[in-house]
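Subject: Structure handover

Hello,

Here is the structure you were expecting, together with its sequence. My notes on what turned up in it follow below.

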Amino acid sequence: MNILIIGSGMYVTGRKNSGVGTVLSSLAQSSKTIPIDEVVVACRSEMSAQEVAFARDRINSKLKTALEVSCRIINSENDCQLLCIEKSFDLAIIAIPDNLHYTYTNITINEGIHTLVVKPFTPTCSEAEKLIDSCAKNNVYGAIEFHKRFDEANLYVKKQICEGLIGNISYITIDYSQKISIPTSVFKDWAKQTNIFQYLGVHYVDLIYFITGYKPVRLTAWGNKDQLKNQGIDTYDSIQVSIVWQGTNRHQFASSFNTNWIDPVKTSAMSDQKFKIIGTEGRVECDQKNRGVEFVSSRDGVQQINPYFSEYLLNSNGQLDFCGYGHRSIFTFLNDVLNIKNGSTSPSDLTNIRPSFKESLVSVRVTEAVGYSLSSHSAWINIDTDI
């Protein structure tokens, strides 16, 4: 298979010491079992191309793989479209700033390329709905990289809910934050064009929908601008959101989201995240930062490690594999596309069992409604539940 990656930042390459480079590492690991002929990374500068080359060599060396990765510098939508026409890509992975998702995903979909978009889907419902229509028109599979659907802890919670062990859900609380270095350094160039709820909180919007089957019906949001605005980045430090969810049985519960990206740089993990579900017959408390592994070194100090997300781990032969639910999310998409190509499945077969574009419309409706509420003095906003 020939693969196009649009974007060369943190999640693709692990640049600026921000991680392992989940996308490229996952593709290299996948190449051990899935035929990958070439990966082309579309980026904006020669410096970015050098970062990609460095990441490729590092990852191939670690995993003992030979993933072919080249770069193409593109400076416009037209450049991207010409690249898609020139090359015969089987799938694309979109990993660029939120506000560009629609533009570049629209290109790949209309060129007949199955496409995985790193969350969030799009900032607006109108953009999302156009892409859903384009997928149907072109018989193309589109999905969002909502990797929390692949985390065993979350799958365990989903099973307990499906088996009725929690009873009727009364409320859910989400606390999710990241280091201030994300908006001030890693995403400094475009942080003001998104907000912390759209960028981060959206993960748990999709997760609540996935594990409960309930749909959001209305919400209110409140945000605070202080620290980041003082540093010249006009976006919210934190956003708090209350959402009412409703099931097919008309039962409702409320969720409270507390999100920020102003945690101190010296905090023990990139993300601090936990959730709590209270039901009539039980409760779940899940600390998704503290996975029970603490590492201390003279170089980095105290770190709380999540080896279950995306990590290089030794296999039974003493060789490194790239493992975790971040990898499984990407590998599943590759495998689904391979099955589409060989005729054993179709895009329509996957619509309701994967975080497809259609499934992900729920999360877009919430993030767009949050924006409306923030700009309307925390007014309650009704949400369309029809998907």
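The largest cavity in this predicted model has a volume of about 60 Å³. How many cavities of 30 Å³ or more does the structure hold? There are 3.

The lining of the largest cavity is made up of Leu 116, Tyr 141, Ala 143, Ile 144, Glu 145, Phe 150, Ser 329, Thr 332, Phe 333, Asp 336, Arg 354 and Pro 355. Two elements, β6 and α11 (325-341), each give two or more residues to that lining. With 4 residues, α11 gives the most. By class, the lining residues of the largest cavity are 7 nonpolar, 2 polar and 3 charged.

The second largest cavity has a volume of about 50 Å³. Around it are Lys 215, Pro 216, Val 362, Arg 365, Ile 383, Asp 384, Thr 385 and Ile 387. Here the elements that give two or more residues to the lining are β8 (215-224) and α13. The classes in the lining of the second largest cavity are 4 nonpolar, 1 polar and 3 charged.

In soluble globular proteins, nonpolar side chains tend to be buried together. The largest core in this model has 48 residues, and those with the most contacts inside it are Val 241, Phe 257, Phe 275, Ile 277 and Val 370. Helix α9 (residues 196-212) supplies the largest share of this core, 11 residues. Another core, of 35 residues, lies apart from it and includes Met 1, Ile 36, Ile 93 and Phe 322.

Phe 257 is worth a look on its own. Leaving out residues up to four places away in sequence, Phe 257 touches Ile 174, Phe 197, Gly 201, Tyr 204, Val 205, Ile 208, Ile 239, Gln 240, Val 241 and Ile 243. One of these, Val 241, is also among the residues with the most contacts inside the largest core.

Then the backbone. Most residues other than glycine have a negative phi, and most peptide bonds are trans.

- The peptide bond from Lys 119 to Pro 120 is cis, with omega near -5°. Pro 120 sits in the loop that runs between β5 (114-117) and α6 (125-138).
- Asn 139, not a glycine, has a positive phi of about 50°. Its loop is the one between α6 and β6 (142-144). Asn 139 counts as exposed because its relative accessibility is 55%, and the cut-off for exposed is over 50%.
- Ser 378 has a positive phi as well, near 65°. Ser 378 is in the loop between α13 (357-374) and β17 (381-382). Its relative accessibility is 23%, so Ser 378 counts as partly exposed.

Last, Cys 323, which is in strand β16 (residues 320-323). Is Cys 323 buried, partly exposed or exposed? Its relative accessible area is 25%, and buried would require under 20%, so Cys 323 is partly exposed. Beyond its neighbours within four places in sequence, Cys 323 is in contact with Phe 309, Ser 310, Glu 311 and Leu 313. For one of these, Glu 311, the C-alpha atom is separated from that of Cys 323 by 5.5 Å, with the two residues 12 apart along the chain.

Regards

Note on methods. Residues are numbered from 1 along each chain as its sequence is written. This is a predicted model: local features need pLDDT of at least 70, side-chain atom pairs count only at pLDDT 80 or more; totals for chains, interfaces and linings use all residues. Side-chain values use heavy atoms; hydrogens and water are left out. A nonpolar core is a set of buried Ala, Val, Leu, Ile, Met, Phe, Trp, Tyr and Cys residues joined through side-chain atoms within 4.5 Å. Buried means under 20% relative accessible area, exposed over 50%, partly exposed in between (1.4 Å probe, protein chains only). Contact means heavy atoms within 4.5 Å. On a 1 Å grid over the protein atoms alone, a cavity is a set of points where a 1.4 Å probe fits but cannot get out, and a pocket is an open set with protein on both sides within 12 Å along at least five of seven lines; lining residues have an atom within 4 Å of a point. Grid points are joined across faces, edges and corners, and a volume is the space filled by probe spheres set on the points. Ala, Val, Leu, Ile, Met, Phe, Trp, Tyr, Cys and Pro count as nonpolar, Asp, Glu, Lys and Arg as charged, and the others, Gly among them, as polar.
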